[in-house]
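Please have the sequence and the coordinates open as I talk.

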Amino acid sequence: MKKGTETTVYDCSLITLPKLEVDRGAITFASNNREVPFEIKRLYYLYDIPSGSDRGAHAHKELQQLILAASGSFTITVNDGKQKRSFALNQPNIGLYLPPGLWRELTDFSGGSICLVLASHEYDEGDYIRNLEIFRVWKS
Ligand code: TYD
């Protein structure tokens, strides 16, 4: 796997998780190292997001993530210091894999949306870069 300093926006990928539709609704699931290309150590979710709020605006040095719109929709824009790519997430079974080393901004949350994040490491503030200029220098 590439180090965080070496990744580009083209190392992101959309991952389609299984979706079973039964007469009582639908179910989607994911397993370590099968649908998810890393070992999940943590999950968290963003919700009750006020309209017009943005989230993210940071990068991770080592963390890998799979980010899903478990409900509703939002946009993720990634930046590797040179190029940007945007992904609209709006289906509960399609997630965006983020390798380490990408600045990300989450915008355009629909009302009541839930952003579910599967993460490869436990929470560590030392893994964050929260300043875009410092991120650009770190990537160069
Ligand atoms: P942050 O990752 O900055 O959220 P956002 O998605 O809005 O960029 O985290 C917001 C706050 O929550 C920050 O003070 C750190 C804390 N936090 C934890 O304590 N544990 C966690 O697992 C996460 C993801 C965040």
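I27 sits in strand 3, which covers residues 25-28, where strands (E, at least two residues) and helices (H or I, at least four) are DSSP runs numbered from the N terminus. Keep in mind that this is a predicted model, in which local features need pLDDT of at least 70 and side-chain atom pairs count only at pLDDT 80 or more, while totals for chains, interfaces and linings use all residues. Residues are numbered from 1 along each chain as its sequence is written, and side-chain values use heavy atoms, with hydrogens and water left out.

I27 counts as partly exposed because its relative accessibility is 45%, given that buried means under 20% relative accessible area, exposed over 50%, and partly exposed in between, with a 1.4 Å probe and protein chains only.

Turning to the rings, how many aromatic pairs does a search of the whole structure find? The search finds 6, where rings of Phe, Tyr and Trp (its six-membered ring) pair if their centres lie within 6.5 Å, and planes under 30 degrees apart count as stacked, over 60 as edge-to-face and the rest as tilted. Among them, Y123 and Y128 form an edge-to-face pair, 5.9 Å centre to centre with 65° between the planes, and F135 and W138 form a tilted one, at 6.4 Å and 35°.

F135 and W138 both lie in helix 1 (residues 132-139), 3 residues apart, about one turn of the helix. F135 is buried because its relative accessibility is 0%, whereas W138, at 26%, is partly exposed. Together with W103, F135 and W138 form one aromatic cluster.
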